[in-house]
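Here's a quick tour of a protein model, written for someone new to reading structures. Keep the 3D view open while you go through the points.

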Amino acid sequence: MTADVTYLPECPAHDAEIEHINEEAFGPGRFVRAAYKIREGGPHERALSFVAVHEGVVIASVRMTRIAAMEGKGLLLGPLAVRPAFKNLGIGRKLVALAVDAARKAGAPLVLLVGDEPYYGPLGFARVPRGQVAMPRPVDLNRILVAEIEPGAATHFKGEVRHADQSGVGAKDLVV
């Protein structure tokens, strides 16, 4: 079935389908999550966000959002969501790989996410040391993961994570 999946950069025409997939995957509770609060601070980076399409229908998506914490900057990966009928086929992993590669090409120093280490660890993500970053809402600190694109970038990423537009760091100083 994965041979019939096409991966595309996200565009505005995908928005309604992406919202439906996120609603299906995360329910109404998604609005109270720490990562959602960060994403409320400004737009995501459509050029670094991707969808998976099967027979003309969006079946999965991943988004990237510019973030900052003190002098550190990077991208927040998520939400990553796959329709139930297409889970466990490698589609989510492929979307993550596409997004991280796009971040690398855009010059992002790191990609941060809130997720499960057993899933994201093999994709290059590792736990952020406890207490190094804070989120705007409660979150299991063991689920804050980072993939460094620039070696050592995570050591500069400290403090409260915010949308880059809310951080005081000029947008021109960040990727994209």
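Predicted model: local features only at pLDDT ≥ 70, side-chain atom pairs only at ≥ 80, totals over all residues.

Residues are numbered from 1 along each chain as its sequence is written, and side-chain values use heavy atoms, with hydrogens and water left out.

**The overall build**

- The protein has 4 helices and 10 strands; helices (H or I, at least four residues) and strands (E, at least two) are DSSP runs, numbered from the N terminus.
- Reading from the N terminus, the order is β-α-α-β-β-β-α-β-α-β-β-β-β-β.
- The protein has 176 residues, and 45% of them count as buried. Buried means under 20% relative accessible area, exposed means over 50%, and partly exposed is in between (1.4 Å probe, protein chains only).
- Take the contacts between residues at least 6 apart in sequence: 72% of them join residues at least 24 apart. A contact here means heavy atoms within 4.5 Å.
- The accessible surface is about 8,500 Å², and 54% of that belongs to carbon and sulfur atoms. These areas come from the Shrake-Rupley method with a 1.4 Å probe, and for residues only the protein chains shown count as cover.

**Charged pairs**

- Side chains of opposite charge can pair when their charged atoms come close. The structure holds 12 salt bridges, each being a side-chain nitrogen of Lys or Arg within 4 Å of a carboxyl oxygen of Asp or Glu.
- One of them joins Arg 46 and Glu 10, at 2.7 Å from N to O. That pair links distant parts of the chain, 36 residues apart: Arg 46 sits in the loop between helix H2 (34–39) and strand S2 (50–54), and Glu 10 in the loop between S1 and H1.
- Is Glu 10 buried or exposed? Glu 10 is buried, with a relative accessible area of 5%. Leaving aside neighbours within four places in sequence, the contacts of Glu 10 include Ile 18, His 44, Phe 50 and Val 62.
- Arg 46 also has a salt bridge with Asp 15, where the closest N and O atoms are 2.9 Å apart. Here Asp 15 is in helix H1, 31 residues from Arg 46.
- Arg 46 is partly exposed at 26% relative accessibility, and Asp 15 is partly exposed too, at 27%.
- Elsewhere, Arg 127 and Glu 117 form a salt bridge with their closest N and O atoms 3.0 Å apart. Arg 127 belongs to strand S6 (residues 126–127) and Glu 117 to helix H4 (residues 117–120).
- Arg 127 is partly exposed at 45%, and Glu 117 is partly exposed at 28%.

**Aromatic rings**

- There are 2 aromatic pairs. Rings of Phe, Tyr and Trp (its six-membered ring) pair if their centres lie within 6.5 Å; planes under 30 degrees apart count as stacked, over 60 as edge-to-face and the rest as tilted.
- Tyr 119 and Tyr 120 form an edge-to-face pair, 4.8 Å centre to centre with 75° between the planes.
- Tyr 120 also pairs with Phe 125: the centres are 5.9 Å apart and the planes at 75°, so this pair is edge-to-face.
- Tyr 120 is buried at 11% and Phe 125 at 3%, whereas Tyr 119 is partly exposed at 24%.
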